[in-house]
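Dear colleague,

I am passing on to you the structure that we spoke about, and below it you will find a short account of what turned up when I went through it. Please read the account with the model open beside you.

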Amino acid sequence: MIALVDCNNFYASCERVFSPSLKNKPVVVLSNNDGCVIARSNEAKELGVEMGTPAFMLADKFEKEKIYVFSSNYTLYGSLSNRVMKTLSSFTPDIEVYSIDEAFLDFTRMVDKNLFTYGVQIKKTVQQYVGIPVSIGIAPTKTLAKMANRFAKKKCKNIGVYMVESSTEIAELLAATEIGDVWGIGSQHKRKLLLNGIRTAADFIQMNPEWVRKNLTVVGQRLLNELKGVPSITWETAPPPKKVICTSRSFGQLLCNKEDIANAVANYANKCAVKLRKQRSCANIVHVFIQTNTHRTQDKQYYRSINIQLPVASNSSNEIICYTLKGLSKIYRSGYNYKKAGVIVMDIVPEKQVQFGLFDTFNRSRDKKLMESFDQINTNYGSDLVRFAAQGYNKRWKLKQERLSPCYTTRLKDVYVIRN
DNA sequence: TCTGGGGTCCTAGGACCC
DNA sequence: TCTGGGGTCCTAGGACCC
């Protein structure tokens, strides 16, 4: 049996942990640049705030309904996520952290244990230790556990735990789940399946596997097995190394100056390099892109990207920034209002398997030592203390974050002081 | 004024090789 | 009329997830 533990309205719940006055109040969290809604408390959902709606369209509603609105504070959410995962790990070593707010727990080794009661205990403990409410679904496969989790959230809010084991229980769950609500069925597949008369998950498992394979690829076939109770999605104990690493952002305002964009992409390039070093990999290709705001129909539109092949795979901030800026020079055209840019490093290989170049003139051993010190200082004393000149100091490209909450758990000056 | 960011997997089709 | 067969690699694009 597998459990899926999912934090309820995670970002909104995080904002509440250190602001108890927000309890039972509608809370909304916005995406980067305070763009659109990405998390809502139950109260906000009840007021009709939809996921993904641009914030400017809701400004009146926020005010009228007294909704508490926050910019996203990923430092806080990441920190609380770690606490949740650590708490979950104390219940079983077989844990797969699936996303910032979800984890699968493998209960196969828990023989002679009442798993439902165990689930209730897990939920209570996370609430007590971290202050985050979770829902738990328990079932024979990951996909069924996801489905049971939805049920726990919707149908048994009070307990927050739902378990299916017997074939009757599974059949009930399948029949009660609409096809579009199945994990792995997005809007396109939903449309296709509805056209073929498939309304629920129960209808889906009656389908001819060959038809599924042809129309929904092997991914659909895997899904079919999972719903039939045959585990077909692999268990990832440790996160596999990333094959692509991307850092991209919309700017806080439109930019038309090449210098500003160069500052931005240099910062993104550095972030990519830091992520590469963290997973002990190097990239062979640096991809840079810039684009205008597609929503502004009055503006001339421009999108361009470029791939740059590195002579030797690298994870040096120094080198990656340098090639990124070369790429930018090739694709940048003046006379446009730019909204977004990004750097993607690709063709990633383990650090120890880098093919050295015969004509390489870059002093790699020296640079490696420099990067080690760079990371050490930034890890210990703040992530942007040591910087490259190309990263600049002007903040014109920076995110708009007008409603940011404090970093209660990660910044000393934001930690609450308790007076006696 | 204002519309997120970061990933993965799969397939089709073209280029190229013998 | 008729135009090999089998393979690899790469890219673009679609679909999905949180």
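**The surface near DNA strand C**

Around DNA strand C there are 13 residues, of which the closest are Ser99, Lys146, Gly184, Gly186 and His189; a residue counts as near a strand if one of its heavy atoms lies within 4 Å of it. Please keep in mind that this is a predicted model, in which local features need pLDDT of at least 70 and side-chain atom pairs count only at pLDDT 80 or more, while totals for chains, interfaces and linings use all residues. Residues are numbered from 1 along each chain as its sequence is written, chains are lettered from A and ligands numbered from 1 in the order in which they are written, and side-chain values use heavy atoms, with hydrogens and water left out.

A pocket is an open set of points on a 1 Å grid over the protein atoms alone, where a 1.4 Å probe fits, with protein on both sides within 12 Å along at least five of seven lines, and its lining residues have an atom within 4 Å of a point. The largest pocket holds about 2000 Å³ of space, a volume being the space filled by probe spheres set on the points. Its lining has 43 residues, and Lys271, Val274, Lys275, Lys278 and Ser383 lie nearest its centre.

The second largest pocket has a volume of about 1600 Å³ and is lined by 45 residues, with Asn8, Asn9, Asn42, Lys45 and Lys153 closest to its centre. Helix 6 (142-154) is among the elements that supply at least two residues of this lining, and helix 6 gives the most, with eight residues.

With kind regards

Terms used:
Helices (H or I, at least four residues) and strands (E, at least two) are DSSP runs, numbered from the N terminus.
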